[in-house]
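Me: I have just opened this model and would like to learn how to read it. Could you take me through it one feature after another?

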Amino acid sequence: MRSGRRPRRRRKGALSFDNLVRIVYLGLFLVFLLAPLYWTVITSIKPVDDYMTIPPVWFPEQPTLVHYTAAMFTYRGLAGLINSAVVSIAATALSVLLGTLMGYSFARFNTGGQHLSFWVLSQRFLPPVAVVLPVFLLYRNVGLNDTRFGLVLMYTVTSLPLSAWMMFAYFRQMPAELEEAALVDGYGRWGALWRVALPLALPGIIAAAVFAFIFCWTEFFFALILTSRSAFTLPTIFRGFLGFQASSYGEASALAIVSLVPSIMLGTLAQRHLVRGLTLGAVRG
Amino acid sequence: MENLALKHAGVGRRAARARTWSAWSDRHFKWLLVAPAIALILALTVYPLAYSVWVAFVNFDFQIPGHAFVGLQNFEYVVEDPIARWSLLTTAFLSVSSVALEFLLGLGLAIAMTRTFAGRGVIMLILIVPLFVSPVVVGQIWSLILQKPYGPFDYLVGQLFGPTEVSWLTGSPWKFLSLIVADVWQWTPFMFVILLAGLTSVSPELYEAAELDGVSRWQIFWNITLPQIAPLILIAITFRLLDAVKLFDIIFIMTGGGPGTSTYTTSFYLYQTGFQHFHLGQATAGSWLFLILTAVLITFLVRRLLRPEPV
């Protein structure tokens with residue numbers, strides 16, 4: 001340490017020009033971000049009479065929950081919710097299981113070299129529209145159209161690059177010594193993986209699971225094509241509001257709220273892992 | 001006695017079999033780990049793609065029976081379709097302009113959030129919210145806001161600038177701007193989060209040294225910050241761009257591709273061709289062309305970015 005080092009200027013507290021610009025910019029952006037959410041919440045609890053007014057009703061005098069019940073039952077939101085939950089949870093479990101095994105193999109044994117891992121990664125960027133058509137035909141032939149199981153398989157395979165690469169990155173930064181010690185103790189490869197590596201990787205596995213779940217929960221395109229009357233998920237219900245009338249604003253907003261609350265809660269809980277999740281482990285957050 | 005002996009022999013055989021199995025599975029351990037995942041990818045990605053090569057070269061239309069070989073006719077149909085060309089142009093325009101805007105706004109946010117201040121944690125939580133909302137819900141929310149005549153946006157604009165005849169979701173160029181705004185709302189946080197990770201990892205000593213040397217802040221930003229975070233900028237833009245070219249959900253919900261076919265993106269065009277008009281052969285041929293275009297992008301952009309770091 002050099003002595004007599006010039007103390008850094010402290011800008012904290014004083015309302016300098018910098019801080020003013022920063023506050024204004026952040027403030028404006030927060031308004032841009034929150035206003036749509038506010039409007040959706042408000043619309044979902046407005047009585048029907050408040051929709052078709054100019055000026056708009058900014059806050060309803062008599063909030064109501066009727067749109068939530070209508071969305072759940074008339075628009076079959078509850079059935080969609082259950083399908084979404086079942087499909088997302090099953091696909092997440094499967095995707096994280098397969099992805100963890102694959103990521104472990106890549107990280108410890110460099111299986112298949114760079115080509116295999118890159119090939120898996122490139123799946124993440126495949127345009128869904130290129131895959132979905134033949135899958136639709138395939139599903140039609142084997143009776144998987146409009147089944148939860150079919151959608152689970154599709155979501156597993158599309159979220160697999162995410163899980164595998166997140167776990168690949170996680171295992172790569174995890175020292176291998178403990179597993180080697182377990183091998184010396186006679187655990188065998190599977191024992192070392194199951195009893196030593198997996199428990200240590202649990203935080204990474206949970207993070208990967210959160211991102212896989214959010215992917216499945218918010219996915220629209222595959223569900224739109226591969227499901228119809230029985231296995232439809234929550235996001236696909238919104239197609240019913242296409243070119244919609246003022247009378248269904250409340251239901252549309254209520255469904256939007258129902259759809260976004262679970263994934264936002266999960267996502268903010270996993271905030272620490274966000275950067276890794278968004279870049280498939282390419283950037284350590 | 002005899003029975004017991006038999007039983008022992010059975011146990012022994014089973015144990016031996018278990019031993020050979022475990023030896024075999026240990027030997028092929030690394031491949032057994034990846035096998036289920038690869039099997040699934042083969043079944044649900046590779047096989048369909050291979051099958052679709054055949055579909056692209058035959059008549060495959062729910063309205064015309066039979067699967068006669070038609071050569072390159074399906075490809076010609078798509079390449080010569082003015083709607084397909086327009087949709088490619090729209091896709092390029094929408095994705096490049098949204099990603100550019102998201103980058104600039106996200107960089108601004110990241111700079112504003114680099115230093116700690118009171119309330120930063122809460123603002124951070126709010127800023128990442130759009131990332132967890134389904135794109136189709138984002139489209140629905142913005143349709144509610146931008147619709148005429150009861151939407152709040154139209155009312156506010158009317159109050160500020162006088163009543164307008166503009167229809168935000170169907171008028172030109174407003175419909176494109178509306179789509180871009182919805183995309184920017186959802187994905188600016190993506191840029192922000194990654195760029196912030198970059199900015200906070202720049203060593204403070206670099207800045208201190210520069211400050212001691214009396215370098216101006218603009219020069220510090222241009223000559224120190226930007227080069228330091230350049231790899232992350234590339235990653236962020238690559239990831240966003242590769243997702244942006246697949247734009248479908250908010251088109252589906254906000255404009256339905258309309259009015260007419262004016263806001264068709266490539267994904268939306270292929271969806272319409274295949275699943276609304278049931279020209280599956282043409283749609284598949286088109287998907288292959290689109291796939292090749294994106295594969296070129298992927299190979300150029302991703303390969304060099306995601307080289308595994310040396311351990």
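Me: Where does A:Arg76 lie in chain A?
Reply: A:Arg76 sits in the loop between H2 and helix H3 (77-109) of chain A. Helices (H or I, at least four residues) and strands (E, at least two) are DSSP runs, numbered from the N terminus. This is a predicted model, in which local features need pLDDT of at least 70, side-chain atom pairs count only at pLDDT 80 or more, and totals for chains, interfaces and linings use all residues. Residues are numbered from 1 along each chain as its sequence is written, while chains are lettered from A and ligands numbered from 1 in the order in which they are written.

Me: What phi does A:Arg76 have?
Reply: Most residues other than glycine have a negative phi, and most peptide bonds are trans. A:Arg76 is not a glycine, yet has a positive phi of about 60 degrees. A:Asp146, also not a glycine, has a positive phi of about 60 degrees; its place is in the loop between helix H5 (128-142) and H6 of chain A.

Me: Which peptide bonds are cis here?
Reply: One joins A:Ile54 and A:Pro55, with omega about 0 degrees. A:Pro55 lies in the loop between helix H1 (17-44) and H2 of chain A. Another runs from B:Ser172 to B:Pro173, with omega near 0 degrees, and B:Pro173 is found in the loop between helix H7 (152-161) and helix H8 (174-201) of chain B.

Me: Is A:His67 buried or exposed?
Reply: The idea is to count neighbours: a residue is buried if 20 or more other C-beta atoms lie within 10 Å of its own, exposed if 12 or fewer, and partly exposed in between, with C-beta atoms placed from the backbone. A:His67 has 25 other C-beta atoms within 10 Å, so it is buried. A:Arg76 has 16 within 10 Å and is therefore partly exposed.

Me: What does A:His67 touch?
Reply: Two residues are in contact if their C-beta atoms, placed from the backbone, lie within 7 Å. Not counting residues up to four places away in sequence, A:His67, which is found in helix H2 (residues 66-73) of chain A, touches A:Ser44, A:Gly250, A:Glu251, A:Ser253 and A:Ala254.

Me: And what does A:Thr218 touch?
Reply: A:Thr218 lies in helix H9 (residues 202-218) of chain A. With residues up to four places away left out, A:Thr218 touches A:Pro235 and A:Ser263, and also B:Val133, B:Ser134 and B:Pro135. A:Thr218 is buried, because 25 other C-beta atoms lie within 10 Å.

Me: How many residues of chain B are in contact with chain A?
Reply: On the chain B side there are 76, in contact with 78 residues of chain A. Helix H2 (residues 29-57) of chain B gives the most to that side, with 16 residues. By class, the side of chain B that touches chain A has 59 nonpolar, 12 polar and five charged residues. Here Ala, Val, Leu, Ile, Met, Phe, Trp, Tyr, Cys and Pro count as nonpolar, Asp, Glu, Lys and Arg as charged, and the others, Gly among them, as polar.

Me: How many helices and strands does chain B have?
Reply: Chain B has 13 helices and zero strands. Its radius of gyration, taken over C-alpha atoms, is 28 Å, well over the 19 Å that the globule rule (2.2 Å times the number of residues to the power 0.38) gives for 311 residues, so chain B is more spread out than a compact globule. The C-alpha atoms of chain B fill a box of roughly 100 × 70 × 35 Å along the principal axes.

Me: What is the domain assignment of chain B?
Reply: Domain bounds come from an automatic or database domain assignment. For chain B it gives domain 1 (2-57) and domain 2 (74-305). The C-alpha centres of these two domains of chain B lie 44 Å apart. Their contact takes four residues from domain 1 and six residues from domain 2.

Me: Where in chain B is confidence lowest?
Reply: The predictor's confidence in each residue is its pLDDT, from 0 to 100. Where pLDDT is low, the predicted coordinates should not be read in detail. The lowest in chain B is helix H1 (residues 2-27), at a mean of 66, and the highest is helix H4 (residues 82-112), at 95. The mean pLDDT of chain B is 86, and 92% of its residues reach 70 or more. For the complex, the predictor gives an ipTM of 0.89 and a pTM of 0.89.
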